Amino acid sequence: MGFFVAQLLTGMANAGALFLVASGLSIIFGVTRVVNFAHGSFYMLGAYIAYTLMSHLPGAIGFWSAIVLTGIAVGLIGLLVEIVVLKPIYRAPELYQLVATFGVILVIQDAVRYVWGPEDLIGPRAPGFGGVVSIFGQSVPTYDLVLIALSLVVLAALWALFNKTRIGVLIRAATQDREMVGALGVNQTLLFSAVFFLGSFLAGIGGAAQLPKGGADLTMDLNIITAVFVVVVIGGMGSIFGAFMASVLISELQVFGVQLLPQSTLVLMFVVMAIILVVRPQGLFGRPDAAVYQGNSAMVPKPLKPLGLAGKLVGAAILAFLAFIPFYGDNFLVFLFSDIIIFCLFAASLHFILGIGGMASFGHAAYYGGGAYVAALLVQYLQTPMELAIVLAPLGAGFLALIIGWFCVRLSGVYFAMLTLAFAQVVWSVVVQWTSLTGGTDGILNIWPSDWASDPSVFYYVVLVVGAGGIIALRAMAHTPFGYALRGTRDSSLRAEAIGIHVRRVQLLAFAFAGAMAGLAGALFVFAKGSIFPTELAISRSFDALIMVFFGGVQSLGGPIAGASVFTLLQDWLSDFTYWQLLLGVAIIAVVILSPRGITGLLETTGRIGDRFRTATGSNAEVAGKEAR
Amino acid sequence: MSFLVVEGLSLSFGGVRAVDDVSFTLAKGELLALIGPNGAGKSTCFNMLYGVSRPDSGSVKLDGNELVGLKPRQIWRLGVGRTFQITATFTSMTVCENVQMALLSHANRTFGIFRRAHDAYRDQAMDLLDIIGMRGQADRPTNVLAYGDLKRLELAIALANEPKLLLMDEPTAGMAQPERRSLMKLTADLVRDRGTSVLFTEHDMDVVFEHSHRLLVLNRGRVLAEGSVAEVRADPKVREIYLGGGSTYASMETNHA
């Protein structure tokens with residue numbers, strides 16, 4: 001009994017910080033429809049800022065005022081991010097804003113590293129709450145009880161805010177129908193900023209409050225963000241009470257899961273999320289209408305055209321250039337371009353479902369890493385030759401995508417994104433925790449190409465032929481009736497269904513095909529590196545793919561190629577600097593703000609501005625001529 | 001002979017009976033107008049005929065086949081074309097490709113991966129665009145079309161599977177008067193030449209009285225009146241409830257006398 005209660009309280013205490021961060025994210029998403037991946041970074045900032053404040057402000061009053069001041073400081077930083085980064089791109093397609101928040105993650109990471117250094121920090125004890133109390137014979141840290149009380153106080157405060165104040169009512173109204181709120185004359189700009197301040201404030205308080213319990217380190221941001229998304233999705237986007245219940249549910253699940261199934265705690269959380277999303281897509285307390293994730297119809301892609309002569313020549317020139325790399329480059333260059341080709345294929349496979357199919361998968365690394373693991377396991381346990389492994393890996397990854405996709409294509413928009421993320425995390429946690437098969441975080445080593453391809457230059461040609469072949473296959477697929485049908489389901493699933501197209505089946509097969517192609521990229525990767533680790537399945541790898549696709553431009557088939565090339569080169573070039581993540585983050589944000597249609601969009605726009613400039617000067621000349629007469 | 005037989009169709013949303021025990025028939029080659037004030041249940045009725053919503057009770061038989069329980073794509077394969085009140089087209093494709101897509105689907109080739117879609121069924125698509133007078137716009141992107149052209153394009157798409165029945169939900173909404181007339185003239189020609197049956201909803205009484213063979217009047221989810229144009233116009237219940245008596249009706253009398 002005592003043990004049970006103690007565990008229960010530990011879970012509740014863990015839920016405290018999670019709830020604070022999740023409620024902030026939920027409020028921001030509800031009103032602005034921005035899926036703010038940088039929210040975990042605000043939480044991390046909260047912990048670091050609180051560390052500094054608490055070491056300067058003495059005593060109990062200092063401690064508690066430090067928490068509030070941290071919330072205000074982080075709230076202001078959130079406001080700054082909203083004004084500088086997000087405000088210029090609210091009109092861009094909604095998923096595009098995601099990429100900007102990825103950039104913010106990188107910038108905050110390095111900013112924190114610069115200010116506070118890379119070492120983990122241990123938080124100060126809370127004055128007067130440093131000890132333990134005995135409950136049913138079990139000792140429970142007093143501070144745990146403080147955290148539980150704090151989360152209840154915040155829940156009550158938020159309830160009062162949303163039900164008793166004008167701004168709270170406006171936020172609730174905007175969560176349901178922001179167009180209507182705008183039409184009623186509410187200043188949306190101000191409302192969005194207020195909401196961002198409030199959401200970041202809550203994340204900052206969350207980071208500050210858990211400092212005495214968990215300290216501060218540089219992995220906090222990504223560590224919490226997945227759990228926070230799970231909580232928000234389970235609770236229902238935009239629902240505060242839902243966020244509270246889901247935080248408790250997830251935290252208790254983890255605390256008791258460790259006791260019952262120590263090998264599968266990670267899997268457990270995502271399995272619960274996947275089940276809830278399949279059974280009740282809007283989450284436990286969400287409204288289905290409140291979170292419909294409409295695409296932005298203002299940016300319609302242009303019709304596809306078969307590649308003209310010029311395009312074919314450019315393609316041939318790129319291939320020729322790549323084929324000559326081993327002749328004039330050293331091994332470093334060969335490895336670099338091999339990476340680029342592999343990432344191009346990975347990005348192109350994501351683009352197939354995201355750009356052409358309109359399905360934003362947040363877990364595409366599951367199939368990339370999945371293919372890599374299929375190849376590695378085949379070599380490790382069955383001594384499969386490289387050639388066969390490269391053929392079987394995409395089949396394995398495609399099969400995995402077929403199973404996962406079967407659940408996912410039932411949902412759309414942000415819920416589709418979250419379910420793909422959840423399943424990818426399931427795959428990742430299975431690989432991490434099934435140590436006997438996969439080696440866990442130690443990975444699988446010594447997976448080398450066949451003897452004939454063991455020379456780096458020779459294997460480079462394998463990568464080039466297979467990688468370019470995969471990319472060409474993806475491109476060709478976009479032009480087939482199947483590719484057109486897929487675009488049709490994206491443009492209007494209503495119309496597609498009304499002319500006899502089986503929307504879900506088209507989406508599912510596209511998902512599986514994209515998964516297979518990602519798996520092919522993964523297989524090339526594993527033989528290029530000679531080893532594979534779970535990081536290739538992790539959420540950050542999925543983010544990389546998303547960044548590459550959006551960076552290059554979602555609406556053009558060349559986009560993912562441009563995005564992957566520039567991203568990989570930029571990463572390679574910047575990695576010489578100590579704070580390269582900061583530079584990369586700034587570069588990403590800059591591209592997003594300057595050209596919401598990515599690099600390819602930027603090229604088109606500059607072309608058009610050139611035209612306009614020419615016509616403008618032409619007409620000026622005419623006017624000048626007339627005036628002269 | 002009745003081609004479409006609708007019997008006892010009902011659907012409630014919460015406590016509201018949006019459609020209440022609606023029955024009617026439609027013969028081959030008949031142009032039947034479904035009219036009624038806003039909220040009468042016209043669109044709900046349409047959605048049930050096309051498998052978008054499932055009725056609480058009732059049946060819809062097309063040439064003997066039960067449609068209730070089928071999905072829109074299955075109903076389409078039985079030879080039913082549909083145009084939407086708010087147009088739904090593939091905005092990232094050209095005008096011609098929109099029609100080609102429907103032709104590809106009609107040929108069961110949406111999963112084809114061995115040839116390009118760009119030139120598949122292009123000639124047939126052009127023929128359909130000829131019918132609606134849009135051949136000249138075949139290669140324009142759909143998202144730059146005027147609204148009236150989108151409505152016409154929807155008709156061409158709907159014709160791609162050589163439909164025996166066309167369901168047109170407010171086909172002329174948002175169009176200018178001359179465009180309305182030409183679109184409905186076109187539809188009437190199709191009915192005459194191809195023997196297609198058409199069920200359409202419409203708010204414009206000019207269009208309704210000029211082209212429809214028969215009228216069905218819905219009010220508050222129920223069939224209020226049914227019959228020829230003259231019969232419906234003479235019906236005192238229609239005068240009173242739908243046309244509101246007095247001025248509205250009088251102005252229509254003068255228009256169509």
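Because the model is predicted, local features need pLDDT of at least 70 and side-chain atom pairs count only at pLDDT 80 or more, while totals for chains, interfaces and linings use all residues. Residues are numbered from 1 along each chain as its sequence is written, and chains are lettered from A, with ligands numbered from 1, in the order in which they are written.

**View 1. Helix 5 and helix 6 of chain A cross one another.** The axes of helix 5 (residues 142-164) and helix 6 (residues 166-176) of chain A come within 5 Å and cross at roughly 85°; helices here are DSSP runs of H or I with at least four residues, strands are runs of E with at least two, and both are numbered from the N terminus. Axes are lines fitted to C-alpha atoms, for helices over the stretch in contact, and angles run from 0 to 180 degrees between N-to-C directions. Helix 5 of chain A contributes Leu161(A), Phe162(A), Asn163(A) and Lys164(A) to the contact, and helix 6 of chain A contributes Gly168(A), Ile171(A) and Arg172(A); two residues are in contact if their C-beta atoms, placed from the backbone, lie within 7 Å. By class, these residues are three nonpolar, two polar and two charged (Ala, Val, Leu, Ile, Met, Phe, Trp, Tyr, Cys and Pro count as nonpolar, Asp, Glu, Lys and Arg as charged, and the others, Gly among them, as polar).

**View 2. Domain 1 and domain 2 of chain A touch one another.** The domain assignment of chain A gives domain 1 (2-279) and domain 2 (319-576), with bounds that come from an automatic or database domain assignment. Their centres, taken over C-alpha atoms, are separated by 32 Å, and 20 residues of domain 1 of chain A are in contact with 23 residues of domain 2 of chain A. On the domain 1 side, the elements giving two or more residues are helix 4 (94-116), helix 10 (220-235) and helix 12 (265-279) of chain A, of which helix 12 gives the most, with eight residues. This side of domain 1 of chain A has 17 nonpolar, three polar and no charged residues.

**View 3. Chain B meets chain A.** The contact takes 31 residues from chain B and 26 residues from chain A. On the side of chain B, helix 2 (72-77) and helix 3 (95-106) are the elements that give two or more residues, and helix 3 of chain B gives the most, with six.

**View 4. Four strands of chain B form an open sheet.** The strands of chain B follow the order 2-1-4-5 with antiparallel pairing, where two strands pair if DSSP finds at least two bridges between them. Strand 2 (16-27) and strand 5 (65-66) of chain B are the edge strands, each pairing on one side only. Eight bridges join strand 1 (residues 2-13) of chain B to strand 2 of chain B, and Leu4(B) has Leu26(B), in strand 2 of chain B, as its bridge partner. Helix 1 (residues 42-49) of chain B packs on the sheet, where it touches strand 1, strand 2 and strand 4 (57-62) of chain B, and its direction makes about 65° with that of strand 2 of chain B.
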